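Please keep the sequence and the structure in view while going through the numbered points.

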Amino acid sequence: MKRSIAALALALAASMGAFAQAAPADAPAWPTKAIRMIVVFPPGSSPDLVARMLNDKLGAVLGQPVIVENRPGAGGNLGTALVAKAAPDGYTIGLSIGGPLAVNKVLYARLDYDPFKDLAPITLVAASPNVLVVDPKLGVSTVKEFTALVRSQPGKLNYGSIGNGSASHLTMELLKTRAGMDIVHVPYPGSPQVNAAIASGQIAAGFVVPATAMPLVQAGRLKALAVTSSGRSLVLPGLPTVAESGFPGFQSTAWIGMVAPAGTPPAILDRLSRELVRIIRSDEVKTRMLRIYFQAVGTAPDGLAHLMREEVERWGKVIKQTGAKAD
């Protein structure tokens, strides 16, 4: 997994400027009440699992509770829009993913918010490769067998994603183009719902994070074929990469970022970022994240802002190449 995140880490290194050491002396007291952390996917999803590793620890250092509020819908756009439209007073923050935070800017003709104007980055929290999982009843064991099966039944099989513009959506769209497949996209509220749909035979496959998929793989309810990292994952070494399975250069990363409404006072953003980076980089949290196949990151706000811009450029090219649409 570390190799799959290597390029990401290098891209962020230049923007990891030093944090301010303290808020200005005349800064107003903050926080004086509970803070809500909007998670844009449902309970049990990987952003939800990560949020619940952070909220109590953040609340402890801030001296006020940080309450997780799940607001799923529209592939994360709904909850992200709620963050964007919230009062910029430091009492609403949000945990979201690459689609709503960046890629949907070019995928959708219209969004209810502009991620680059209406949101203030706080930190890049964590990153993970995706895993290609399929219904075991398909009878395929490799990416080559899967793509051959789909090509033999054009338009008859479908795949699930956690929403338009997500890594799980655009990664399959990229594979569709590279493999010459015709497979129908079905968006779901989150990865638990995608996994359940595959396991029950409602859909054939999906790219999902291993945090939610691997327990079902280990139980025999899903079949894992490959990971989307550029090299073999250190935590899933038995799985080949899509790249080595006949698609050189194929790589995709799922990531989670923390944001606030634009206009949130800089002193509050700085405090939130500093405290979250300390928590994310603690040995305890790094170990817990690795158990769900995520690599803890933790950056200054500029690190997340840089990644958001990079993702728009990268996946914007994929959207044009593949003709991917919001379904």
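1. V131 stands opposite V208 in strand 8. The model in which this pair is seen is a predicted one. Strand 5, residues 131-134, and strand 8, residues 205-208, run antiparallel and are joined by four bridges.

2. In what order do the strands of the open sheet lie? The sheet has five strands in the order 7-6-8-5-9, and their pairing is mixed. Strand 7 (184-187) and strand 9 (223-227) are at the edges; each has a single partner strand, so one side of each is left without a neighbour in the sheet. From one strand to the next, the twist averages 25°.

3. Helix 7, residues 191-199, lies across strand 5, strand 6 (158-161) and strand 8.

4. Is helix 8 mostly covered or mostly uncovered? Helix 8 spans residues 210-218 and is mostly covered, since seven of its nine residues are buried. The buried residues are P210, A211, T212, A213, M214, L216 and V217. Their cover includes helix 2 (46-62) and strand 4 (119-129), together with strand 5, helix 7, strand 8 and strand 9. Just after helix 8 comes G220, which takes a positive phi of about 85°.

5. Helix 5 (residues 143-152) and helix 6 (residues 167-179) have axes that come within 11 Å and cross at roughly 75°. Because of this angle, helix 5 is roughly perpendicular to helix 6. Helix 5 contributes F146, T147 and R151 to the contact, while helix 6 contributes M172, L175 and A179. Sorted by class, the residues of this contact are four nonpolar, one polar and one charged.

6. Which residues have the most contacts inside the largest nonpolar core? That core has 78 residues, and the residues in question are L54, I93, V125, V133, M258 and M289. Strand 4 supplies the largest share of the core, seven residues. Leaving aside residues up to four places away in sequence, M289 touches V50, M53, L54, V125, A126, F294 and A296. Another core, of 31 residues, lies apart from the largest one; among its members are L107, L149, L170 and A179. In soluble globular proteins, nonpolar side chains tend to be buried together.

7. A74 is not a glycine, yet it has a positive phi of about 55°. A74 lies in the loop between strand 2 (66-70) and helix 3 (77-85). Y293, also not a glycine, has a positive phi of about 70°. Y293 is placed in the loop between helix 10 (283-291) and strand 11 (295-296).

8. Are A74 and Y293 buried or exposed? A74 has 52% relative accessibility, and it therefore counts as exposed, the cut-off being over 50%. Y293 has a relative accessible area of 13%, so it is buried, as the limit is under 20%.

9. The bond joining W30 and P31 is cis, with omega about -5°. P31 is found in the loop between helix 1 (2-13) and strand 1 (35-39).

Terms used
Residues numbered from 1 in each chain as written. Predicted model: local features only at pLDDT ≥ 70, side-chain atom pairs only at ≥ 80, totals over all residues. Heavy atoms only, no water. Axes fitted to C-alpha atoms, helices over the stretch in contact; angles between N-to-C directions. Helix = DSSP H or I, 4+ residues; strand = E, 2+ residues; numbered from the N terminus. Parallel < 35°, antiparallel > 145°, perpendicular 65-115°, else oblique. Contact = heavy atoms within 4.5 Å. Nonpolar A, V, L, I, M, F, W, Y, C, P; charged D, E, K, R; others polar. Pairing = 2+ DSSP bridges. Buried < 20%, exposed > 50% of the residue type's maximum accessible area, 1.4 Å probe, protein only. Core = buried A, V, L, I, M, F, W, Y, C linked by side-chain atoms within 4.5 Å.
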